[in-house]
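Dear colleague,

I am handing over the structure below, together with an account of what was found in it. Please keep it open while you read.

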Amino acid sequence: MLKKQANILHVNDNEFNVKLKKVLMSRENDNLKISKSVSKIINQIKNEGDKSLIKMINKFDDIVFDNLESIKVEHKLLKSSFQNLPKDLKNSLITASNRIKSFHEKQMLEGFEYNDDIGVVLGLKYDPIERVGFYAPGGKALYPSSVLMNVIPALVAGVKQRVLISPININKETEILLAAAYVSEVNEFYRMGGAHSIAALSFGTETIKKVDKIVGPGNAYVAEAKRQVFGKVGIDSVAGPSEVLILCDKSANIEWVAIDLLSQAEHDENAQAILITNDLNLANNVSKEIEKILPTLKRKNIASKSWFNNGLIIIVNEISQAIKLINTIAPEHLELCVDNPKFYLKDIKNAGAIFLGHYSPEAIGDYIAGPNHVLPTSGTAKFSSGLGTIDFLTRTTFVQCDKKNLNTLGKQASFLADAEGLQAHKKSIEIRYK
């Protein structure tokens, strides 16, 4: 049953931390049933290859065909889809692509090499991953912005084989996603989705060549499939529902804050929007404004369920309390709708992406600002970061000794090998300088 108002907490409430934890965990579901279903799907694809994959695409993706060549999207279709777009939309895709590319080019890392004080050559080098798969939702909604955000950093990193999968039907409505694939310079594109597509990329089939890493958002089955194949391939993360936290003081615009909260809520029913403020009057007015705006939204049913079931308003006595809460919650998106937002930037350690000031809505980051919108959710910003160029690079160290410096280091290494009881290790070193 839908509640009639969002959760409201005050830092002075009894058992505030317990109540906060309960609200933050309310979106967590028992995924045991999903886990078992996904495990069965993965094993079928791994053991039966193309045969099982064809059956599952026909069943789950509602794409009817006889062989896997039929689901391959040709490059010429991607190009024509881009060319057919209205001029304004075409220019927007190009602008977004250029800005994303520019930001991620600045993240490129260089290795190093040096001779230490005894002449040993030591170094580190970065190399792009060879083949990466990208998942793009294509069922309930299309997200061309996710194609740009996932593929372009890999392109910048130098990934040679960029494989996009999405369970779309080819029609006028899906042209925008095909166009985004063209702008992102996708090498291969297969029309398939769900856990079975993740399994196909992870283990390969007779037709689909396996990849080294899989990134991109999807539903609960896709997320669970990524979790289960991790270790066989790399993944970006097991993402949960999207979330935003907005910190406001009395300088914030009530209408802007309300629509920013709802822009997150309209993603899906499990999305979470949180407002933290030291101004009780502002909190009440934002709540009223949300109820005023909700009926006007096309996705009002989704946004209403998200806001009234998962939404949260927290009243603090002072902004310093809010900063501590932010680092505890570790939100995916954080808006600082306060005077002098940069003042607080240094104290915020746990957030996926931060939007500073009244004119930096989170939505601008979803599409065109430049930084990536693939971000850590569900508090994982405490130990992980948003997708970037580095996620498509491997890091390798190298060592070169000569007879003289091996002799210098070898004796001490031999003592350590001996202490660990590894005789062959010890002899492997000593045989070279004795």
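**The parallel sheet**

Five strands form an open sheet in the order β6-β5-β4-β7-β8, with parallel pairing. Because β6 (188-190) and β8 (234-235) stand at the edges with a single partner strand each, one side of each is left without a neighbour in the sheet. Within this sheet, β4 and strand β7 (residues 213-215) are paired in the parallel sense over three bridges, and Gly133 has Ile214 in β7 as its bridge partner. Strands here, like helices, are DSSP runs numbered from the N terminus (E, at least two residues, for strands; H or I, at least four, for helices), and two strands pair if DSSP finds at least two bridges between them.

**What kind of model this is**

This is a predicted model, in which local features need pLDDT of at least 70 and side-chain atom pairs count only at pLDDT 80 or more, while totals for chains, interfaces and linings use all residues. Residues are numbered from 1 along each chain as its sequence is written, and side-chain values use heavy atoms, with hydrogens and water left out.

**The chain as a whole**

The secondary structure of the protein chain comes to 17 helices and 14 strands, and its C-alpha atoms fill a box of roughly 85 × 60 × 45 Å, taken along the principal axes. Of the 434 residues in the protein chain, 48% are buried, where buried means under 20% relative accessible area, exposed over 50%, and partly exposed in between (1.4 Å probe, protein chains only). Among contacts with a separation of 6 or more, 73% are between residues 24 or more positions apart, a contact being heavy atoms within 4.5 Å.

In soluble globular proteins, nonpolar side chains tend to be buried together. In this model the largest nonpolar core has 36 residues, and those with the most contacts inside it are Leu93, Phe134, Leu148, Leu164, Phe189 and Phe392; such a core is a set of buried Ala, Val, Leu, Ile, Met, Phe, Trp, Tyr and Cys residues joined through side-chain atoms within 4.5 Å. At least two residues of this core are supplied by each of α4 (75-83), α5 (87-105), β4 (131-135), α6 (144-157) and α7 (175-183), and the largest share, eight residues, comes from α6. Leaving aside its neighbours within four places in sequence, Leu164 is in contact with residues including Phe134, Val147, Leu177 and Phe189. A second, separate core of 30 residues includes Tyr135, Met192, Ala200 and Val222.

**An enclosed strand and its partners**

Strand β12 (residues 333-337) is largely enclosed by the rest of the structure, because five of its five residues are buried. From β12, His333, Glu335 and Cys337 point one way and Leu334 and Leu336 the other way, and all are buried. Strand β9 (residues 243-248) pairs with β12 in the parallel sense over five bridges, with Cys248 opposite Cys337. The pairing of β12 with β13 is also parallel, over four bridges, and there His333 has Ala353 as its bridge partner.

Ala353, placed in strand β13 (residues 353-356), counts as buried at 16% relative accessibility. Glu332 lies in the loop between α13 (319-329) and β12, and at 6% relative accessibility Glu332 counts as buried.

**The antiparallel strands**

Strand β2 (residues 112-115) pairs with strand β3 (residues 121-128) in the antiparallel sense over four bridges, and Glu113 stands opposite Gly123 in β3. Their hairpin has five residues between the strands, among them Gly119, which takes a positive phi near 90°. β3 also runs antiparallel to strand β14 (residues 393-400), to which eight bridges join it, and Lys125 has Thr396 in β14 as its bridge partner.

Best wishes
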